[in-house]
Amino acid sequence: MGLAVLCSAGLFIRETPLWGLAEGALPFSPYKTIFFIGWFYLCLYSVQRSDNSPLIPDKYRYASNVAALMIGPLHLWVLFIAETVRKVQEGELTWGEVFSHVLDTIMERPIRNRPRKTAQTPAIQLMDTSGKRFEELYAKQLRETRDRRIQESTEAMVLSGITQRATDILIDPKDEAEYTIRFRVDGFLRVHETVDGKLCNAMINSLKAIAGMDIAEKRRPQDGAFRARIPEGDVYFRMATSGVLGGEKLAIRVLDQTHTPMGLNDVGFSPEQVKTLNRIVQQPQGMILVCGPTGSGKTTTLYAMLQTINFQERNVISIEDPIEHVMPHISQIEINTKAGVTFATSLRSILRQDPDVICVGEIRDAETAQIAIQAAQTGHLVLATLHASSNMAAMVRLMDLSVKPLLLSSALSVVISQRLIRRLCNYCKGPAELSQSQVEYCRQNNVDRQTILKANGCGHCGGTGYFGRTAIIDVMYMNDRISKLLCNNQLTPGDMKQQGDRSFTDALRREGMQRVLAGKTTLSEVKRITANLG
């Protein structure tokens, strides 16, 4: 039927004299028709390309689509040239590959680069330690104010701390009208933002509520904990508040468990040290002591050694404050002084649970030190940390905690002292400008001066020139010389500490220079770490 209609229409056109056309002529040009149809589809294709192009900001996308609909292929050609030039400049494409790139682009389907607005789970969900979400705990105030700004600001601040690799989040009042939020990244504090006093007080109250603290109490110090759920996993936080001049101060320790603990190779030990430590960790008894100030990576080293243990054959129990990484094959006990769970009481109790390996998060008092030393002599391997400036200073510190030198010489297997040093950012490090004396030193010692780098700073590292940290380590294995030194009282504790600190400083400088020559850190960073050691 459709064909008959078309034939009738054709006869009507041919026989009607009103058209004024010669016999056999068409009333329109087929070439123009094909051109306009092709132009129409090219315009639609240009709109599709324009709508999905990453080169066009969202606020100009509507105008770009209208332009594509009007001028079609011209707009498409401009977009294509701009995208090709961008890829060549960024190194994704060479000029020799441009022709093949043209063919591939013509043949491929447009890829949607803009995310579609669909219902997605939030980037972060704050909750208390039991799993109750922020909205459930703080819903009353949110309903009263009808304003989600408090929740969004709190979540954004915590999420920024996680994404920027912060180990601590500090909220300090400058005065009653203004608060400063700072992140500690790679051991240094960075100012994140300055917040209005009223908004920040509301943020502090929301964090205190979710951490199980008393919101009404603003002068007395309080402790609490909460966690956050992000796509990578759960992140735990320990929070402490204190009333200060101008308001309330908040300190939040970030315990990011989304990353697996480092191994001994990743911490900073040399291959020879890793081999020796692996052998010592397999021994049935003895004590491995890790020393350093707060924030020197002692707990990270403990976790690295624990990972070398065969958990199927050995019963491992740890006492920590707080638990920084959950290890499923270890029985982990968290200190709670309010409930009477201390290092000493926990250590006494776990000795009755048939442990093979005991991990003590920190030796703080004489009772804990004596129980740990005795356990190391009675068929248990003890891993522990201690605040001390060097290896010899650690033994002096244990003697100060009423541990007899004879027990030390028989119980200790290894003493490890360490410091953390910042690593250079791989994206912006470059050759360092050396002084004449440094150039002469490199020449005399056959050192390639091009291997000595400096920190420049870029967006990846936050303008610091450093990204991440590694440990420089001094390992002391107990031997007959050190045992005689302890048992015969040849040196006073003061002399032991002084000599130990001097030896430790020299060892760290050697380790640091090796990292400098390997292009992993800078001379100024090594000087910063070792300048105050002696």
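Mentor: Lys497 and Asp501 join their side chains in a salt bridge, 2.8 Å from N to O. By salt bridge I mean a side-chain nitrogen of Lys or Arg within 4 Å of a carboxyl oxygen of Asp or Glu. Keep in mind that this is a predicted model: local features need pLDDT of at least 70, side-chain atom pairs count only at pLDDT 80 or more, and totals for chains, interfaces and linings use all residues. Residues are numbered from 1 along each chain as its sequence is written, and side-chain values use heavy atoms, with hydrogens and water left out.

Trainee: Why are Lys497 and Asp501 separated by about one helical turn?

Mentor: Because they sit four residues apart in helix α19 (residues 493–517). Helices here are DSSP runs of H or I with at least four residues, strands are E runs of at least two, and both are numbered from the N terminus.

Trainee: Is Asp501 buried or exposed?

Mentor: Asp501 is buried, at a relative accessible area of 14%, while Lys497 is partly exposed at 36%. Buried means under 20% relative accessible area, exposed means over 50%, and partly exposed is in between, using a 1.4 Å probe and protein chains only.

Trainee: How many salt bridges does the structure hold?

Mentor: There are 21. One of them joins the side chains of Arg397 and Asp400, at 3.8 Å from N to O. Those two are three residues apart in helix α15 (residues 391–400), so about one helical turn separates them. Arg397 is partly exposed at 30%, and Asp400 is exposed at 58%.

Trainee: What about Arg227 and Asp234, are they buried or exposed?

Mentor: Both are buried. They form a salt bridge too, with the closest N and O atoms 3.0 Å apart. There's also a network of salt bridges that links Asp172, Arg182 and Lys249.

Trainee: Switching to the sheet. What's the strand order?

Mentor: It's an open sheet of seven strands, β1-β5-β6-β7-β2-β3-β4, with antiparallel pairing. The edge strands are β1 (125–127) and β4 (188–196), each of which pairs on one side only. From one strand to the next, the twist averages 25 degrees. Two strands count as paired if DSSP finds at least two bridges between them.

Trainee: And what holds strands of a sheet together in general?

Mentor: They pair through backbone hydrogen bonds, in either a parallel or an antiparallel way.

Trainee: OK, tell me about β2. Which strands does it pair with?

Mentor: β2 (residues 168–175) pairs antiparallel with β3 (residues 178–185) over seven bridges, and Pro173 has Tyr179 as its bridge partner in β3. The two strands make a hairpin with two residues between them. β2 also has four bridges to β7 (residues 247–256), again antiparallel, with Asp168 partnered by Arg253 in β7.

Trainee: How many of the eight residues in β2 are buried?

Mentor: Six, which leaves the strand mostly covered.

Trainee: And how many bridges join β3 to β4?

Mentor: Eight, and those strands run antiparallel. Glu178 stands opposite Asp196 in β4.

Trainee: Which helix lies across the sheet strands?

Mentor: That's α8 (residues 149–163), which lies across β1, β2, β3, β4, β5 (222–230), β6 (233–244) and β7 and runs at about 25 degrees to β3. Axes are lines fitted to C-alpha atoms, for helices over the stretch in contact, and angles run from 0 to 180 degrees between N-to-C directions.

Trainee: New topic: the nonpolar core. Which residues touch the most other members of the largest one?

Mentor: Met287, Leu289, Ile363 and Met395, out of 40 residues in that core. Apart from it lies another core of 31 residues, with Phe134, Ile169, Met213 and Val254 among them. A nonpolar core is a set of buried Ala, Val, Leu, Ile, Met, Phe, Trp, Tyr and Cys residues joined through side-chain atoms within 4.5 Å.

Trainee: Last one. Where is His380 found?

Mentor: In the loop between α14 (366–377) and β12 (381–386). His380 counts as buried because its relative accessibility is 11%. Its side chain reaches the backbone oxygen of Thr378 at 3.3 Å.

How values were computed:
A polar contact is a pair of N or O atoms within 3.5 Å; within protein, one must be able to donate a hydrogen and the other to accept it, and residues adjacent in sequence count only if both atoms are side-chain atoms. Contact means heavy atoms within 4.5 Å.
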